[in-house]
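Morning, everyone. Please have the sequence and the model open. I'll keep this brief.

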Amino acid sequence: MTPTGPLVFHLGASHHTAPLALREKLALPPERAAELHSRLPASGLPELVLLNTCNRVEFYGVAAGPADLAALETAFCAVTGLDPAGFAAIRAHTTGPAALRHLLAVAAGLESQLLGETEIFGQVKDAYAAAQTAGRAGPVLNRVFQKAFQAAKHVRTHTAINEGQVSVANVAVELALTIFGDLCSARILLLGAGDIGEKTAKAFQSRGAAALTVANRTPERALSLAQSLDATALPFEHFPRHLGEYDIVVGSTAAPETVVHAAAVAAALERRRARPLLFLDLALPRDIAPEVAELENVYLYNLDDLGKIAAQNLAAREAEVTRARTLIAAKADDLWRQIVARHG
Amino acid sequence: MPPLTDRTWLWLAAACYLAGAALGAVSLLRGRRGSTAAIYLMLATGYAFQTFGLYLRGVAVHGCPLGNKFELVQFTVWSAASLYLVVGPAFRLSLLGFGTALLAAVLGLVALFFPEWDAERRTHLFGGNAWIEFHAALALFSYGVFGLLALVSALYLVRHHGLKNKRVGGAFSLLPSIRDLDVIGLRLLAAGVTLLALSLGVGSVWWIREPASVNLFKLLATVGVFLAYALALGLRLRGRLVGRRQALAGTGLFLAALLSLTPVNASRHPAGPVTPPAPEGSAR
């Protein structure tokens, strides 16, 4: 379809086109964004929204003509200190219905690094709200962004693009929910102070875990992590005696051999009666003896198990991409017809 | 057009239950959470038809319709459906509606497909004794509760199997959590044991007055079922029968309870006259 309406465009770079090191240079914090806007021609870009996330810096706007787009590109390179030729190599640029399709796909999470993630939806909303506040969203972009939000919700409702978790930490939380229903009374023991364990603990806390305890072989590190997570610290050598008090045990130590043995778990189960016990072994080498899985009312998942579930969920999302893009294309083309009819 | 017979109403009820089960099965096969409201509506409609069918039968036999194996099974199904319709939504267990519809459809249809189960209809079964009638209805209602417990236990076993084998996606993701299933299972077990204890308490008064009127085999079978469930409850409360074992007990004991209905029915105390059923399609 040849665009015959206003010059609606998208211009920028994302994780699809630029490596992380370059994306760091492209970021536009508020002060640089303000400087950029001060360099732009006053009348040539009547509407402009800046979407600035860790994975993309993109402009969505309405330009009076191609020269105004070139002015935007020049101002952007000047503010970021990027060589114009270098930017040209990583630049993604579309106009008309293609630009609309891109925005709708971004809002629906189809262009995200973590396919189908929903955080981007909020980021697009924030970007639009900021443009509205600054008076840079006009009749065209108001319609475009409202429709983009509707389209993103439609895609989420009518496809499985955001079903199932795709990160190990979130898969762990989802798994805990399939066992405990909710986490409001779940007590969690974090063994070790590794990065992945910390991320998982934070994911549990974000879903309302009742209490978190950290036990680490280095007590200072346990105390420091416990403070940063608003948790309590437990001397590492004491944790086997207290196993029965916890519902979820996350192993993420750097210990060269297993630290949780079947005998200790069997003893802990005596005190737990009917309440199940979930072990998440995120350590390599493993922290939890595999025999623990054989015990009644105990569920053991290691890093491979969680990785496989994440991969299955991602594959299921990927299988939905074509359907989601078809929905997006129909919505974008319909939106473009409306824009041409009203503003063309 | 002549009015519909009790059996026709019960066929309609079974068809509604089957439709509810089919709705749930289609959703399950598509890996999606089905419409709980649609399944609930089919169950409620089936329940209304079944209630009317059993009412007609009750009027015909001059008492609670518990005179043959067909009636016993239909009443058990009705009890399970009653319980689900009243407390099921409060449990908020996904697939419980589907399971109830499936259980009701299967048991209801099996009873309808065996005409010999309904070959003899005993009238005035309780000799006008409301307490005996209450005792029998309560006992059968507790069987309905145990039927729901068996369903919840079956869901538990499937969920447990999935979790132990690292299968949590697809249809497994539609299952309730292990903890929810365990809690609901315990409540149903306690409710069933309480109802059956109450039923036996009421029945024992009659038995003490007229020991000869109660068949020993029926007494032993009923008390056996009660003791087995009570033992399961006691062990569960002491933390000795938990998780998979409790779920196995929940399903196994219900099968045993259902099987016990045959000898219990065969050894009923002498009551009113036995009448052959009216032909299908004619009003009673």
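The centres of domain 1 and domain 2 of chain A, taken over C-alpha atoms, lie 41 Å apart. Domain 1 covers 7-161 + 320-343, and domain 2 covers 168-312. Those bounds come from an automatic or database domain assignment.

A word on ground rules. This is a predicted model, where local features need pLDDT of at least 70, side-chain atom pairs count only at pLDDT 80 or more, and totals for chains, interfaces and linings use all residues. Residues are numbered from 1 along each chain as its sequence is written, and chains are lettered from A and ligands numbered from 1 in the order in which they are written.

Now, one residue in chain A. Ala210(A) sits in the loop between helix H9 (195-206) and strand S6 (211-215). Helices (H or I, at least four residues) and strands (E, at least two) are DSSP runs, numbered from the N terminus. Why is Ala210(A) called partly exposed? Because 14 other C-beta atoms lie within 10 Å. The cut-offs: buried takes 20 or more, exposed 12 or fewer, partly exposed is in between, with C-beta atoms placed from the backbone.

Ala186(A) is 24 residues away from Ala210(A) in sequence, yet 5.3 Å away in space, C-alpha to C-alpha. Leaving out residues up to four places away in sequence, Ala210(A) touches Leu183(A), Cys184(A), Ser185(A), Ala186(A) and Arg187(A). Contact means C-beta atoms, placed from the backbone, within 7 Å.

Last, the two chains. On chain B, 14 residues contact 18 residues of chain A. Helices H5 (130-164), H6 (178-209) and H8 (243-266) of chain B each give two or more residues to that side. H6(B) gives the most, with four residues.

Note on methods. Two residues are in contact if their C-beta atoms, placed from the backbone, lie within 7 Å.
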